[in-house]
Amino acid sequence: MLKSSPPKRVSTEYELVLEAGRSEKNYWLDLWRYRELFQVLAWRDIAVRYKQTVIGVAWALVRPLLTMVVFTIIFGMVAKLPSEGDAPYALMVFAGMLPWSFFSVALSEASNSLVTNSNLISKVYFPRLIVPVATVVVAFVDFLISFAMLVIMMVWYQFVPGWQILLLPFFVLLAFLASLGPGLWITALNVKYRDFRYVIPFLVQFGLYVSPVGFSSSVIPEQWRLLYSLNPIVGVIDGFRWCLLGGESQIYLPGFFLSMVVVVIFLWLGIRKFRNMEATFADLI
Amino acid sequence: MKPILTVDSVSKRFLVGHQTQRESYTALRDVLGQHVKNFVRKSADMIAGRQIVQGDEIEEFWALKDVSFEVHPGEVVGIIGRNGAGKSTLLRVLSRITEPSQGRAVLRGRVASLLEVGTGFHPELTGRENVFLNGAILGMARAEIKRKFDEIVQFAEVERFLDTPVKRYSSGMYVRLAFAVAAHLEPEILIVDEVLAVGDADFQKKCIAKMKDVGDSGRTVLLVSHNMGSIASLCTRAILLQGGQVVGDGDPSSVILEHLTSGTNKTQNRKLVGDENGELLDVWAEDPHGVRSNSFSLESKINVVMEYRVLRDLPVAPFPNFHFHDQQGQCVFVVANRLDQANKRGTYKAICEIPGNLLNDGAYFITAALTCSHNGIEVCFVERDAVTINLVERLADDIHGPPRFGYAGPYPGALRPKFEFTIEPIELPTKSGIAAC
């Protein structure tokens with residue numbers, strides 16, 4: 001057997017003090033140090049999700065497709081709501097559904113992540129922030145699948161997006177941050193009060209109707225638009241449509257900036273709540 | 001040298017709730033009232049951000065109270081104590097899973113903790129995938145796992161099943177793979193909780209050897225175990241926890257003895273054990289003068305005494321027997337005897353005289369049993385570890401004299417008997433012999 005090499009001399013470099021209520025000075029550095037664990041956890045979630053599920057990938061295709069069809073029929077054909085410019089209604093719906101399903105999957109996965117990983121939390125130390133963030137990666141894979149579908153649909157409709165599509169990564173990041181804020185807040189509370197897990201499905205369902213997924217946000221009366229933009233997803237969806245549908249969609253800038261401010265506030269609240277409760281997770285879980 | 005680990009009056013508090021005793025009947029009004037009261041209290045707690053505790057009365061519970069000790073590099077420290085003594089809480093605090101309520105601990109090295117084998121193993125993933133997953137969870141870098149992958153697989157003996165999901169593994173294979181990953185960690189401080197209690201005997205031996213290897217290479221190990229054998233054989237030092245406090249710290253064999261003899265003193269308040277044929281009344285050890293004791297010198301004779309009662313007349317007398325176990329749990333020897341007249345109803349006293357200069361120093365655990373043989377072999381009672389004795393070596397004035405002849409280390413072996421040992425010259429070089437050389 002290979003004799004293991006003797007450990008390095010004890011150095012003050014690794015000195016670690018454990019104390020009540022001591023906030024970790026190098027928490028963010030630690031987070032970076034544990035990046036490999038982050039990769040592995042994200043990879044595990046993806047591998048498990050698509051392992052042994054015949055319709056794993058199909059499910060990611062069917063769900064948005066059916067929702068799009070239903071929305072197009074109800075809002076576009078029955079209610080006869082206008083599309084964005086000349087873009088086909090189905091495309092407009094799908095461009096809105098991309099960020100929405102990313103947001104809703106990320107939110108629900110992140111919110112339950114700590115409880116489903118309770119065995120890790122109670123046995124090993126690592127910055128707990130890794131767990132909810134890693135689950136968002138799974139939502140991102142679903143997002144990529146849906147995005148491939150959008151490309152196919154654009155080819156079908158012979159729709160050419162403008163230069164704005166180059167800004168899409170920025171809006172993806174925005175959608176990610178928008179889901180992370182409330183996700184962190186709820187996952188922290190979910191550890192303490194398990195009732196919060198019932199809040200998520202309701203929130204997601206409710207959000208689908210108050211967000212401009214099935215319709216364009218331009219149908220909202222002008223005087224209400226700023227108020228409507230308090231919903232952070234409004235800004236994200238508008239941004240996506242602006243990117244993907246090119247010149248056909250106008251972005252409502254004051255509303256967009258308001259949405260961004262709300263995203264940042266939620267993110268700050270979420271991280272703060274999470275960090276405050278992090279030390280007690282193992283005791284509560 | 002600076003201690004690698006300093007624990008300075010660390011305390012950990014938990015809140016526990018109690019359900020108060022209800023009246024003999026419960027009225028709906030009371031139940032509703034109780035629920036409303038609880039609901040209001042919980043809501044208030046939640047808004048204030050306090051912990052919600054189930055139950056009507058809240059009590060503080062200190063799992064650890066003012067625990068202080070220091071560990072120097074290279075020490076292998078065993079932490080022992082009864083269930084609920086705070087061992088696991090201490091390890092959880094030191095592995096940063098939970099933070100102390102008071103006090104502080106300073107760790108001066110990279111820590112890896114192993115509170116469970118196979119933390120994070122996912123049943124759907126293959127053995128290969130789980131090695132990487134588990135390694136990353138325990139804090140190994142990807143490159144490090146890759147480098148040690150073959151060694152890990154070889155250690156676990158699961159080469160053939162690497163690409164099978166671990167849900168199809170036998171529990172032995174699962175545990176072997178899990179421990180193999182952990183055994184290849186190379187931290188400066190390794191914290192281990194009770195993981196040796198798994199796996200078959202062969203694998204346990206292998207793990208103990210690997211852990212010894214870890215200790216020998218200068219790494220610091222903190223180990224919790226209920227297996228006194230592994231504590232005694234692995235550790236250089238033991239810490240005894242009781243009710244969340246350190247009550248013993250030092251040489252493993254003496255701390256183990258303290259642990260095993262503490263609390264319920266076995267010679268008092270003994271509960272009667274036995275069947276319809278016979279029962280145990282009392283068992284103890286005494287010196288040749290009849291003074292009960294648990295501590296003897298190596299040269300001293302020891303009388304192990306058992307009082308028992310035969311409950312009915314038997315065709316053949318039952319025979320009392322004593323089993324001597326060492327700290328590793330190995331049976332050192334068994335002694336038994338029978339008195340043919342001892343088959344009548346009545347109480348009897350069996351005395352076994354252990355000569356001086358037979359047992360080694362350290363603790364021995366004596367099991368007392370009574371066996372009937374009139375109807376095949378049938379055991380009336382077995383009282384495991386009924387008596388614990390500690391043998392102490394009185395240091396001779398001159399270490400260069402017998403029996404140590406200058407050797408100061410531990411005397412190996414389960415026994416240290418003093419036998420006839422003669423040395424006689426066969427051939428001595430004569431003057432001419434030297435000349436011949």
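1. The largest nonpolar core of this predicted model has 169 residues, and those with the most contacts inside it are Leu223(B) and Ile366(B). Helix α4 of chain A, which covers residues 89-116, gives the most to this core, with 16 residues.

2. Ile366(B) can be followed through its partners in chain B. Once its neighbours within four places in sequence are left aside, Ile366(B) is in contact with Val304(B), Phe322(B), His323(B), Phe324(B), Ala386(B), Val387(B) and Ile389(B).

3. Is strand β3(B) enclosed by the rest of the structure or open? Of the 5 residues of this strand (residues 76-80), 5 are buried, and it is therefore largely enclosed by the rest of the structure.

4. Leu240(B) lies in strand β8 of chain B, which spans residues 237-242. Leu240(B) counts as buried because it has 24 C-beta neighbours inside 10 Å, where the cut-off for a buried residue is 20 or more. Leaving aside neighbours within four places in sequence, the contacts of Leu240(B) are Ile80(B), Gly81(B), Val247(B), Gly248(B), Val255(B), Glu258(B) and His259(B). One of these contacts, Val255(B), is 15 residues from Leu240(B) in sequence and 6.6 Å from it in space, taken from C-alpha to C-alpha.

5. For chain B as a whole, the secondary structure comes to 9 helices and 18 strands, and of its 437 residues 36% count as buried. If one takes the contacts in chain B with a separation of 6 or more, residues 24 or more positions apart account for 73% of them.

6. The contact between the chains takes 32 residues from chain A and 44 residues from chain B. On the side of chain A that touches chain B, the elements that give two or more residues are β1 (15-19), α2 (35-50), α5 (118-121) and α12 (281-284). Among these, α2(A) gives the most, with 6 residues. By type, the residues on this side of chain A divide into 19 nonpolar, 5 polar and 8 charged.

7. Strand pairing also crosses from one chain to the other. β1(A) and strand β4 of chain B (residues 102-108) run antiparallel and are joined by 5 bridges, with Val17(A) standing opposite Val106(B) of β4(B).

8. Chain A averages a pLDDT of 82, and 90% of the residues score at least 70. Over residues 1-12 of chain A, however, pLDDT stays under 50, and the model has 17 contacts beyond four places in sequence for this stretch. Where pLDDT is low, the predicted coordinates should not be read in detail.

Notes. Residues numbered from 1 in each chain as written. Chains lettered and ligands numbered in written order. Predicted model: local features only at pLDDT ≥ 70, side-chain atom pairs only at ≥ 80, totals over all residues. Contact = placed C-beta atoms within 7 Å. Helix = DSSP H or I, 4+ residues; strand = E, 2+ residues; numbered from the N terminus. Nonpolar A, V, L, I, M, F, W, Y, C, P; charged D, E, K, R; others polar. Pairing = 2+ DSSP bridges. Core = buried A, V, L, I, M, F, W, Y, C linked by C-beta atoms within 7 Å. Buried ≥ 20, exposed ≤ 12 C-beta atoms within 10 Å, placed from the backbone. pLDDT = per-residue confidence, 0-100.
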